[in-house]
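Subject: Structure handover

Hello,

Here is the structure we talked about. Please open it first, then read the notes below.

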Amino acid sequence: MSEDTGFQPQSGAGAQPPGPGRTPPAGGQPHHFRRMIPIWLALALACDLIWWFVVGPHVPPGDMSTSAVGAQFDFNVLFLAAAPVVLAVWVYLAYAVWTWRASRADAPEPVGGPAARSNFKVQFWWIAITTVVVLAAFVFGTVELIVPAGAGGAEGPNPIWKPTAKHMLVVQVIAQQWKFTYRYPSYGGMQTNTLVLPNNTWIAFHVTSLDVIHSFWAYQIGVKVDANPQLDDVAYTKTRQTGTFTVRCSELCGIWHGAMFDYGKVLSKSAFDHWATTTEKKQAVNTKYLPPFAWTYSPTANGATGATGVNTSGQSPFSPEQHYGATPARKLVRSSLTSTATPTTGT
Amino acid sequence: MSRSWRIAIVLGLFACAVVLVVFTAMAYIATSPPTVSYLDSQPPGATVHLVMQTDGVVGSATGGAAHPTWVSYRIRTPKTHAWTHTTLVYLPAHSRIDVTIYQFDSGSPLRNQHFGMVTGTIGNDAKLNGKTFKVLNSYDTPNGQGVGHTFTVPSLGINVPLEGNDTSKKTFCTYGPCDPATQLHTKTTFAFTTPGVGNYRFQCFIPCGGGRYAGNGGAMQTLGYMGGFLEVRA
Ligand SMILES: [Cu+2]
Ligand SMILES: [Cu+2]
């Protein structure tokens, strides 16, 4: 066993005559790792630099929100860590295939011998490096999930990683086969066909479903939250760019699941306010008939049974009316709808 | 058994399985409801009059419905005025479409009252039995029967709720095709403008697939019954 030459495969090393184009150090094989490392280092550095400066800024989901930026950053960091590992394997493989190819007249016999038995140095560094890489990825991933308030992912009904921002816009995402609608408790509890958000604002998405399990995936703003019936699933993000984004259902929810998408908009704060106040006025004729704003709505009520008129499920159609955070909704319609499930009049 | 025999048997069974799979798949894929064309129903540029009905029970008298007990749309064929059992229709692009829907089914509150509002039509309103409306309160509709179905084209933002009927009335239509001249119905009319060429899906937002999980299986999701396409052609 040779402590100095790493993976140096040898069988009766030294007995081999030096091959053409090869300058063996005195007394045997060349130091193969010393040849591989510069090649690997140059490739890894070039690959990482090109990725970071050329490809990285275009990596999905883009930079429309804090969570999108976070996802892009995480992806790029993980790529930067993974690329050298991949290249190490490839460089080693290419080097081995070339150097120890069988057709070479002076190829050393790579199988067996004391060198194949164990090599403390290689084992030590193998375990040390892989442990560091994996633990670093674990710590990095955990921090990147917790610090940016859940990173745009679902945190269930009682989020523990909340943004510290004082002002947040609450938007309720209501999924049903096969369309998303959106409710704005701070704009009279209006419900809309399209998701419109103000720029530079923290958004608290409250995602729920009226029937089966869906998933709300606002791609370019880096938010993805499962939509479960009778569950208020919360996720946060802060918008940082105006533009259009795609909303898709990302949980197979029936035959028209593929048709369950729409396009959302991030507008400037003033444009959003204009949109929201005019839409609130326009929707008012119907908003007064909507159930009071609640975090969840019973999926089996309201005609869900296919029976006429009466809810036979015995469940209340709505969860208790609630306010979110420190700032309650500006006004909420129909403050007390009867909690029984029989159809009520709109007055 | 010789080796070649065994190979022949395996290959034979494999061929049988392939044929079976292909035939089963084709039975689903190749079975499509007919398409009613409104392309030549009027001179180019003129308003198209699309007439449909919704039946609580489609019946099997015409069209040979595979599920005679399911709730379904029917589309009136221009010229012959036959009620074709389908939800596929050709419409001309960039044209005004005047829609009449005779709704024969009973009703209920909407699961999401959001779909009680008329959107995407010309004037953002519709007429129920001749009276203009913008919203139907599905808990308290004009004749108290809730909403039977909604005609909703999500990609065009079109949504029109269709009021339900009283099942206890003598003239309530128990199976289709129903007759607007003699049977109890609500009549909803509205107009919209077709966009460019494309396939626009429509569905109903009353989960009326009775007996299915969350009410959305069966008729609700099936082409020819409650799910369909407006195919806009040049
Ligand atoms: Cu879905
Ligand atoms: Cu329906």
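This is a predicted model: local features need pLDDT of at least 70, side-chain atom pairs count only at pLDDT 80 or more, and totals for chains, interfaces and linings use all residues. Residues are numbered from 1 along each chain as its sequence is written, chains are lettered from A and ligands numbered from 1 in the order written, and side-chain values use heavy atoms, without hydrogens and water.

Start with the copper ion (ligand 1). Its protein donors are H214(A) (ND1), C249(A) (SG), C253(A) (SG) and M260(A) (SD), at 2.0 to 2.6 Å. Donors are N, O and S atoms within 2.8 Å of the metal (3.2 Å for Na, K and Ca); water is not among the atoms, so sites may look incomplete. The site is tetrahedral, with angles of 91 to 126° among its 4 donor atoms. The donor spacing in sequence is H-x34-C-x3-C-x6-M. C249(A) sits in strand β9 (residues 243-249) of chain A, and M260(A) in the loop between β9 and β10 (261-267), 11 residues apart. Strands are DSSP runs (E, at least two residues), numbered from the N terminus. Both C249(A) and M260(A) are buried (under 20% relative accessible area, 1.4 Å probe, protein chains only).

Now chain B. Strand β6 (residues 96-103) runs antiparallel to β11 (residues 186-193), joined by 8 bridges. Pairing takes at least two bridges found by DSSP. T100(B) stands opposite T189(B) in β11(B). Strand β7 (residues 126-128) of chain B also runs antiparallel to β11(B), with 2 bridges. There, L128(B) faces T188(B).

Best wishes

Conventions
Helices (H or I, at least four residues) and strands (E, at least two) are DSSP runs, numbered from the N terminus. Four donors count as tetrahedral if all angles lie between 85 and 135 degrees; four count as square planar and six as octahedral if opposite donors are over 155 degrees apart and all others between 65 and 115; anything else is irregular. Buried means under 20% relative accessible area, exposed over 50%, partly exposed in between (1.4 Å probe, protein chains only).
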